[in-house]
Amino acid sequence: MCFLLVNFFLPLLWTTVFIKFGNCTALDSKRSPTPHTFRFQNPQQCLRNEFYNLNYFDCSPCNEAGDGGINELQPTVDKFACQCPVGHVSIFEKIKRWPICEEICSNATKPSENCTSNWPSQLPGWQCTYQYLNTTAASQHGMGIVLTKSNPASNNSDCQSCNTAYNFRFQDFCIANSLMRPYLHYNAFWQVTNNPKPNSNSRLHFGDLKFVAFFCLALRNDSACQQLANLCVLSHYSMEKHSPCSAFLLTQMSDVVMKYAHSGEQPRALEPFMFYKKGKSTKELLTTTLHPSNQSELEIFSTNYELTGRLKRWGLFKLDQLNLCPGQKAPHLHLGKSQQEINCQLSLEQLIDVASQEANDNFISLYLNFSSNWQFLLHQLPVLIETLTPENKRSQEEEWQLVKRFQLISAHPRDNRHSQTYARYEDIHKLQLYRSLRYVEHVQLEYSIRAGNLIGLPLLRLRYRHIELTGNATLTQLYPFRLKVHYERLEQGVAAQLVLELALPLLLLIASIAALLRLQNLRRRRQTELCQSSNLLELLLQLAGNVALALLATALLLLALQVINPRQLAALVYPACLLQLLYLAVHLRRASQLELFLIDWERPRSSCEGQRVNLDSTSLCSSVRTYVAESSVSAWRVLFTANAWIRLSAAQRYSSLIQAAVVVAAHRLLEHLNQSPAEFAYSCCLIATVYLGTYLLQLLLGRLLQSNPLQKFIDLCSLANISLFSLLEPGFGYYIHGRSPHGFADTDMSSMILQLQREAQNMCGRRGLLMDSDKQAYIILPPRNLRIYLERLLLPFQRSRNGSLSQTLLYQKDLQVSSIDGPVERTSIAYASVNRFFCAFIDHAIKDMDYIIKEKTLVEKLFNCEIENYLTENKGTFYIDDSLSFSRVLLLGNHVDIFVLEILVLLSMYLLTSSLLFAVAVACALNMILRHIFRLWVRRNVSRKTLIDERFLL
């Protein structure tokens, strides 16, 4: 049996091993798995005839075939390039990467030796001043560029002279004019960017640009190509036609080939790699996912080049390499953990010192270290310079121009040969070093973590600031710097899919159904057609509020499950915040403008005989109140009730300041316990949970420990013998029955206390509208003719611009008719008639206008609607309101909507700024502004509808 098992498992094991090795071999056969991915190879692994390619981080043979013989290419000392051996001339051809080596033949050369042509004898390099570059047709391979150590214009072995009439001199090279002709167009960029004194000896000197381009493009010199790339970075990736970037744009971006094409240049893939192509490839690049080589840290490899193209350093990258803040240590790149961002203000002197230290001589490229098929690979990180193009500031990724190399600071030196200079030991001397500076003021390394512990390709965001060192510049000027590491989790687990694909559509469906039910109920109250524009707008308004609540519920559910990332949270919270703000603003504005009237039931202490009877009412003596009446009734009850209504309108069931303090304290405590910044999703969950818990706790404690402010206002109305009649719609409103069971309220303190004692001992009537009831709050659907009759009574009402008599003046005893203008008199009579009308209507004294009192059914209470209302032209319905629904026209009844807006604003501000203090400050400020504006609206509406002058209102 064991033998059978061994025979079965051994072939299976060997098959698995061969498959694994097959995968590894396939990977090794490629130079790079993707255009931006490289397999790192140690330079010490290179063979004797191989050079190390810094663009691909691998070893490559100098010769495609051969064993590195005497007349073939050999690696240089640093092994970063290939060269011809001693005793050979180098011939460069356009179709070949490396030169062709031809041995120098002399008269002493034996015929048996491999000598194909006669070249002048060469002196040792230490005896020569120049190396000569010229065209040649002597090669058996055709036309090319020959590099020799003897002057072609001299018959002797001359290497000390260079005739500038026919040649260009650059360093120790003497270059024929014909070779440089295709590259003279680069002088156009040098003339534009150079300072007014072109002989300035500075590192930011583009006068050698044409020579660097010649050595890179014509001779394929790797150091020259690296230098050309550095000049491109130094020009801030100039898109000009003659800039150092033109050759890279020509070969690395297909959509600009024709624009940057020049005669004499071949459209080949120029190295090093500097640009990413725009469009779909950019979006696909940023969505690339990789396996990190280290599960705990984000390992990044960096290369640093000097301006001349020489490799300065390579190795493990640390954030300190990008940190300009002195005295602040950058954090480690822990994978999937929030990092403390670095913020500081740098003085101009500090920036000048950094620029002098860098000296335009440090150019950085970053690579992510990751693993694939048991191989450690490097993927070049894209760099987004926001100040490079306007498209880089937008959110459309396919329009971004991504690059691969950058520098922290660049300086444009100043030529001080013809101006006053200061001693080096003086501080002002630093201001004369440079004409301008460009430094990176914002650095953000961002990446994503996906399901399966995959990480998205990190993106480095840079934003530069340009500083002109003009005459008014000082060393103490401050400039900001910020270094931040940001990540987000994009794990789309089963829970998140269920919430987004099942819970969210269900909540939106419920929100739509609730909005339709609300519209149907409103249509019944308004007695209008369903397709009217006002009803459709009302549907959209209700839908906005319901959708905002559904989006918030979805966001809170995802936060509780910890399966949301900031991008998804923003997509839910931002629209919900705007919708809720729109809904609440319109709703509160409408609630503050309701039709309001204070019905005074007070009887004068004198007889009511002689008063004119207009309506047959049992309360006739207490309802007729004009300034022509001899009445001893004072006005304090009306003023007191109106001000109490205004104060009640701006009251709230909870305190935003308490919630803000608790949230900030909880967040600080969490940071103290963790000793490091919490994850963003966890912080948002904590903020929302604490804010919601504090809100619910305040509601619970308020219900248990505090008296109901709504009931206190109803008691106040009974104490003042004043009822409140309000209409939110022409056919819907609220009524508070405040008629005193004692018949009067204008009395002294002793009588008032005695009345309360009698009421407590049930020695008087009940406060309710019904004889045997204490129910004082009602939801009313008045008869349809009530609105018509009320408008007819208010027709004489006109208020002058300079103010008019208030309702309180109707009760003044000594006011003479002759002192009042005609319009004011008509207005006062109209309001007195309205008061008498409402008194008669409440007392069922109008034969053609009446109402019934009933309770709502369970369905009507549940859906906040009126189904069996018995509403006709002359008969209305009063529903007993045990839940005190009139609070819906106050802030007390809209506390849920206000809280929803606050928490949405809190999360939105935290998403935008990552500052909890700023977020809670905005939320609290919003609450205070909302209360102030609503109180102002209510105050003006009370003054306008009750005819009380605003000077009597608080």
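Trainee: How many helices and strands does the protein chain have?

Mentor: The protein chain of this predicted model contains 22 helices and 29 strands.

Trainee: What percentage of the residues of the protein chain count as buried?

Mentor: A residue counts as buried when its relative accessible area is under 20%. In this protein chain, 50% of the 954 residues count as buried. The chain exposes about 46,800 Å², and carbon and sulfur atoms supply 56% of that area.

Trainee: What share of the contacts with a separation of 6 or more comes from residues 24 or more positions apart?

Mentor: Such residues account for 69% of those contacts in the protein chain.

Trainee: How many disulfides does a search of the whole structure find?

Mentor: A disulfide is a covalent bond between the sulfur atoms of two cysteines. The search finds seven of them in the whole structure. One joins Cys46 and Cys59, with the sulfur atoms 1.9 Å apart. Cys46 lies in the loop between β1 (37-39) and β2 (50-53), and Cys59 lies in strand β3 (residues 58-61), so this pair ties together parts that are 13 residues apart in sequence.

Trainee: Is the disulfide of Cys46 and Cys59 left-handed or right-handed, and why?

Mentor: The disulfide is left-handed because the torsion about the S-S bond of Cys46 and Cys59 is about -80°.

Trainee: Are Cys46 and Cys59 buried or exposed?

Mentor: Cys46 is buried, at a relative accessible area of 7%. Cys59 is likewise buried, at 13%.

Trainee: What can be said of the disulfide between Cys62 and Cys82?

Mentor: Its sulfur atoms are 1.9 Å apart. Cys62 is in the loop between β3 and β4 (74-75), while Cys82 is in strand β5 (residues 82-83); the pair links distant parts of the chain, 20 residues apart. The torsion about the S-S bond of Cys62 and Cys82 is about -80°, so this disulfide is left-handed. Both cysteines are buried.

Trainee: Which hand does the link of Cys216 and Cys225 have?

Mentor: The link of Cys216 and Cys225 is right-handed, with 100° about the S-S bond. The distance from S to S in this disulfide is 2.1 Å, and both Cys216 and Cys225 are buried.

Notes. Residues are numbered from 1 along each chain as its sequence is written. This is a predicted model: local features need pLDDT of at least 70, side-chain atom pairs count only at pLDDT 80 or more; totals for chains, interfaces and linings use all residues. Side-chain values use heavy atoms; hydrogens and water are left out. Helices (H or I, at least four residues) and strands (E, at least two) are DSSP runs, numbered from the N terminus. Buried means under 20% relative accessible area, exposed over 50%, partly exposed in between (1.4 Å probe, protein chains only). Contact means heavy atoms within 4.5 Å. Accessible areas come from the Shrake-Rupley method with a 1.4 Å probe; for residues, only the protein chains shown count as cover. A disulfide is a pair of cysteine sulfur atoms within 2.5 Å.
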